[in-house]
Amino acid sequence: MKVRSPQRHRPSATGAAQEPQPRKGSVSAWQRRLEGSPRLAWVLKWFSRFAYAGALLVLAGLVAYFSFSTFVRSGVTSVPDLLGLDEVEAAQRLADRGLELRIAMDQGAYDDAVEAGRILKQRPAPQALVKRGTEVVAAPSLGPQIIEVPDLNGQSAQEVQVTLAAAGLTLGRSLQVVDARAMAGTVVEQLPAAGDGVAPATAVDVLVSRSSRVDQYVMPDLVYRRYRDSKRFFEQRGFRLGNVKYEVYEGIPEGVILRQFPLAGHPLRREDAISLVVSTSAASSIPEP
């Protein structure tokens with residue numbers, strides 16, 4: 001077998017050495033395509049730049065996330081729920097998580113369900129994420145609201161309504177009683193009593209004096225007395241007669257009182273009406289009073 005020696009560049013006819021030419025097939029198809037398409041080469045060039053920039057952004061995001069987890073989140077905790085706890089319990093629960101408690105008495109409020117002195121509201125809210133050392137502001141409950149009943153003694157009905165409305169209370173039953181020591185139309189008793197503690201909108205009952213002086217009499221027995229004489233007697237003393245009914249009654253002369261109301265012995269006041277049943281005969285007309 002003959003071994004061929006490597007080809008040597010022969011000098012050209014002019015005597016100058018020729019540059020070596022690439023062997024056929026040594027240039028890839030992609031290179032030939034790029035050389036023949038400048039637009040495709042430009043697209044690939046910018047695509048590679050965008051891909052490189054995207055890789056840098058992803059890398060920066062990963063670095064930021066791990067930095068946040070390591071240096072920031074390590075000092076973050078959630079706020080516990082303090083509602084319904086007393087001050088000592090709330091302070092201990094916050095201390096366990098590296099937080100501090102501040103009681104805001106000026107933000108306290110009345111509440112029927114939460115006992116006085118226990119936490120009613122808090123800021124930040126439960127489960128909020130905060131840094132350790134953060135101050136949690138808590139507002140205490142003042143308990144159920146209690147209103148002191150004002151003294152209504154001696155006040156008129158109009159004054160009572162104004163006084164109770166200003167105190168957050170309402171007027172309940174208003175009953176009249178006779179009290180010679182009090183001025184007519186003024187309060188002599190109340191329930192609940194003055195100074196008692198009650199809930200808002202509680203109704204207060206009052207007893208109002210009907211008159212400073214009331215004259216009371218005992219109803220006399222008028223049965224079988226003459227109607228005309230009895231009528232004159234009562235009218236001269238300021239009493240008034242009410243309904244007078246005439247009824248036929250055998251054996252009784254006309255104009256005689258048969259029945260009366262009020263009954264004999266009952267209390268009688270000047271403003272009370274006196275009703276009478278007077279006898280008459282069927283043959284005669286109703287007698288004149």
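Which residues are linked with Glu115 in a network of salt bridges? I looked this up in a predicted model. The network takes in Glu89, Glu115 and Arg118.

I checked the pair Arg118 and Glu115, whose side chains form a salt bridge with an N to O distance of 3.5 Å. I then looked up how much of each residue is accessible. Glu115 has a relative accessible area of 52%, so it counts as exposed, the cut-off being over 50%. Arg118 comes to 25% and is partly exposed.

I noted a count of 8 salt bridges. One of them joins the side chains of Arg259 and Glu247, at 2.8 Å from N to O. I asked where the two partners lie. Arg259 is partly exposed at 41% relative accessibility. Glu247 is also partly exposed, with a value of 23%. I recorded a further salt bridge between the side chains of Arg269 and Asp272, at 3.5 Å from N to O. As a reminder to myself, side chains of opposite charge can pair when their charged atoms come close.

Is Gln122 buried or exposed? I found a relative accessibility of 14%, and Gln122 is therefore buried, since the limit is under 20%. Gln122 sits in strand 3, which covers residues 119-123. I looked next at what its side chain reaches. The backbone oxygen of Pro80 is 3.2 Å from the side chain of Gln122. A polar atom of that side chain also lies 3.2 Å from the backbone oxygen of Pro124. I then set aside the neighbours of Gln122 within four places in sequence and listed its contacts. They are Val79, Pro80, Asp81, Leu82 and Leu83, together with Val136, Val137 and Ala138.

I closed with the totals. The protein has 5 helices and 15 strands. Of its 289 residues, 22% are buried. I took the contacts between residues at least 6 apart in sequence and found that 67% of them join residues at least 24 apart. The accessible surface is about 20,800 Å², and carbon and sulfur atoms account for 55% of this surface.

Methods
Residues are numbered from 1 along each chain as its sequence is written. This is a predicted model: local features need pLDDT of at least 70, side-chain atom pairs count only at pLDDT 80 or more; totals for chains, interfaces and linings use all residues. Side-chain values use heavy atoms; hydrogens and water are left out. A salt bridge is a side-chain nitrogen of Lys or Arg within 4 Å of a carboxyl oxygen of Asp or Glu. Buried means under 20% relative accessible area, exposed over 50%, partly exposed in between (1.4 Å probe, protein chains only). Helices (H or I, at least four residues) and strands (E, at least two) are DSSP runs, numbered from the N terminus. A polar contact is a pair of N or O atoms within 3.5 Å; within protein, one must be able to donate a hydrogen and the other to accept it, and residues adjacent in sequence count only if both atoms are side-chain atoms. Contact means heavy atoms within 4.5 Å. Accessible areas come from the Shrake-Rupley method with a 1.4 Å probe; for residues, only the protein chains shown count as cover.
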